[in-house]
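Hi everyone, thanks for coming.

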Amino acid sequence: MAIVDTASGFRITLTSRFRAGNKTAIAAMGVLVLLLLLGLVVPLVAGSSNVAQQYPSLLSPSLRHPFGTDHYGRDVFLRCMAGARVDILLGLAVAASALVLGSLIGSVSATFGGATDAVIMRLTDVFLAFPGVVLALVIAASLGKDPWYAAIAVVIAFIPLLVRLTRSKALEVRAADYIAAARLSGARPRQIAFQHVLPNSFKYPFVQSTLVASWAILDFAALSFLGVGVQPPHAEWGAMIADGVGDNLLGAWWPSFFPGLMILLTAAAFQVIGDWLDRRLQ
Amino acid sequence: MLRTVGKRLGVALLSILGVAVLTFFITQLLPGDPARIAAGQYATEDQVAQIRERYGLDDPVPAQFAHYLGDLAHLDLGSSVRNDQPVREEITSRFSATLELGLTALLIAVVLGVGLGVAAAIYRDRLVDRLVQVYVVLATATAVFWIALVAITTLVNDLGVFNSPTGRLPRGYSPPGDITGFYVVDALLHGDLGTAGAALRSLLLPALLLGGLASASVVKIVRSATIKALESDYARTSRSFGYSRTSILFRDGLRNSLLPVITNVGLVAGFVLAGGDVIVEQLFAWPGIGGYAYASLANNDLYALRGYVIVIGVVYVLINTALEFLYSWADPRVNLAEAR
Amino acid sequence: MTTPLLSVRGLSIGTDAGVELVRDLDLEVGPGEVVGIVGESGSGKTMTALSLLGLLPSGVAVTGGEASLDGVRFLDGPRMLRRPNASMIFQNPTAALNPTARIGAQIDRLLRFLDRSAGRGSDRRARRSRAVELLRSVGISNPENVLGRFPHQLSGGMNQRVMIAMAISLRPSLLIADEPTTGLDVTVQAQILQLIRTTVAEHGIGVLFVSHDMGVIAQMCQRVAVMLHGDLREFAGVDDVFHRPRDPYTRELLAAAGDVRPAEGVTDGARAR
């Protein structure tokens, strides 16, 4: 419970609202951890899910095959779990890389200012002149069809966003009163940069990167769906959906339905956590 | 005023140049070999060399770049590796189809987004708000290719609510005479209600999917902006005068919460015209530029894809420039000369 | 004061979470009288002012007590029985006006609302000349120009004049002023205070004047209520509060404010009329 007497009147924040958010966020984290654990453990126990024709093809979901089997006779549940490892780790890795690179470039831009800042800002402008997925798509296609290239492409597509955010927050923090106070009390510029500006401007890009993880999973799956990401027969949710498109015409909805549900669950979990962190921060 | 407009247009032109340069950089200079990618996995060295020759890939990079820019200045996007057709013609002939789908989706996204966002703000922290929040998370986290597939399976194949995904018209209909390029509008202008209805039914599902997913970001922005506006000092002033809730909602709330929507429309347009559009057009056999990009990708037709990316980049820059003008007109506090 | 204009009895305000912001407050304002509420931030003075017009922010509500204006009860515990014939001016006048509407449109909206509430016809041109007249009456010398401006294009003092004009056009019997000059330049502050004084005197309007500034209170008020942490510590004539403070907290406030005391005996009434 905090009551703040602001210049424009009273703002009241109620703790009860936070508590409700807490539960959802904890549930979301639970979902992610569970999926990641399953993704790491299940393929070890069950063996490679890429091998075809272990079971009859296109069995509908049952107790033995909770998500059914695909047209090569592979267990869709096992493949979904193998995909969990790929997609969740990839989402985290993309978010982390974009966060590190983006905030680094952003702080450089804010710290040096002048020509450096101008060049970096014009560059982000150019990158932001494309819709993100389209940028990732053409980069991935130009590098060649490979999951690593696709991942790099997605990272590149998200960097400008984080550069912008870090820079504007760093400038905001630098202009804040307590920095002026630190400066007046004789703190050295480097001390100010490391003790005040960096930690305080870093938390916003950090929260944003949780959302980036969610978008990255969607974008990466889209690239795989379009054939420039993970290549068959490897298990990845987007590629699995692409693989299952034809099965729908045969009345088999499950090979494409469950991987999409996995994407939904994971991306939603990252969204919920990101929103929660965002609210905590304000 | 004229000077600021000129300056703004200058910035837009620079951005377009940036788009061209970046696209060249990505497609020609990244480690991937465009000729090898274009030739495909099973091509012989001879075939690769042939493509290399034809597209001048053995020339020094500055010469290639000059050539590329010269062509662009003449609005020449080169020709496709796959079928040798000029890319510009291929794209312009498909553009109105994408525009019809994209604008309809955009309209749906904004109307749905504003409606749900305002409802959530009015019933803040109550059931309506909770449901809207769930919708936002789900729509943001849904892969468009998956939901499109699910929708086609259930709504089209099983229930028959919508037309089969056969493009802009069901089988047995012929396109109306070309006036605006939008089938629904053109059919109406020709007085052909049957075709207009059929075209609308074909348009509705892909537009709803794109617009529905894109509306999530609009909802988020409208909700928080409306809450902010309704809790603002000026809304309090209005309450102190005794104005009705409706008057406060429209004149103080909505008017001020629509401003951030204008900035967001650019991102939404990026999704409905490009990102989501590539996939949806493919799945619905929609004969637009997204489907063309998909086919180019599938056939390793890097030059056709490059043309598509340039067109999308330019359209995106133009949309965002137009939105900046709209924003400075809608918000008196923004001075276009100062805003970057 | 035998028949008070505003009478507040046992007013309590609290948050949904159960925190008490104002406890059992008694207050009154006589006809044409200026009564001050003074206290530091968090004392509950602004909440008291806002509660009288039903303007409390979400999550905060009146939990008990009642209030009446002109002898008619309008507030009964958490229920607002009717709109009191009162209007309000606020701290930060620029934020109190809609940023995307011109001053002219905002005044016009109010005048049209008043015409409709009164059930009389309303004519655009007539409203326009009334708006010009209103701005003149609050000392704006170029009303035509101001009508075409947006709030951010005007100074804080000018916006507060506009707010006063709008508040007065409601023909209230009580004006609630919440820190109306805080944040304004000292010279502008003096002008606005003078404007409030002359305007309320001219129309015989009672004023509830909320401020943290003892100096401003001394200049403006006939009676003063001192609040601390939601409690009323002292409510007395301005001479008594400044020259014979009974409450230790009042003495503290005075000591902190320096010499802002009005000359004894010249305050009551003489200043307001």
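Let's begin where the two chains meet: across the interface of chain A and chain B, the rule finds 5 residue pairs in polar contact, both residues at pLDDT 80 or more. Keep in mind that what you see is a predicted model.

Which elements of chain A give two or more residues to the side that touches chain B? They are α3 (114-128), α4 (132-143), α7 (189-225), α8 (237-249) and α9 (254-281). Of these, α9(A) gives the most, with 11 residues.

Now for the salt bridges: the count between chain A and chain B is 1. The partners are B:K220 and A:D275, and their closest N and O atoms are 3.2 Å apart.

How many residues does each chain bring to the contact? Chain A brings 46 residues and chain B brings 45 residues. Together the chains bury about 3,800 Å² between them, with 74% of it on carbon and sulfur atoms. On the chain A side, A:F130, A:S142 and A:L226 supply 15% of the area buried against chain B, more than any other three residues.

Let me finish with one lysine, A:K169, which you'll find in helix α5 (residues 147-175) of chain A. Is A:K169 buried or exposed? Its relative accessible area is 16%, so A:K169 counts as buried, the cut-off being under 20%. Leaving out residues up to four places away in sequence, A:K169 touches A:S201 and A:Y204.

Technical notes: Residues are numbered from 1 along each chain as its sequence is written. Chains are lettered from A and ligands numbered from 1 in the order in which they are written. This is a predicted model: local features need pLDDT of at least 70, side-chain atom pairs count only at pLDDT 80 or more; totals for chains, interfaces and linings use all residues. Side-chain values use heavy atoms; hydrogens and water are left out. Helices (H or I, at least four residues) and strands (E, at least two) are DSSP runs, numbered from the N terminus. Buried means under 20% relative accessible area, exposed over 50%, partly exposed in between (1.4 Å probe, protein chains only). Contact means heavy atoms within 4.5 Å. Buried area is the accessible area (1.4 Å probe) that two parts lose on being put together, summed over both. A salt bridge is a side-chain nitrogen of Lys or Arg within 4 Å of a carboxyl oxygen of Asp or Glu. A polar contact is a pair of N or O atoms within 3.5 Å; within protein, one must be able to donate a hydrogen and the other to accept it, and residues adjacent in sequence count only if both atoms are side-chain atoms.
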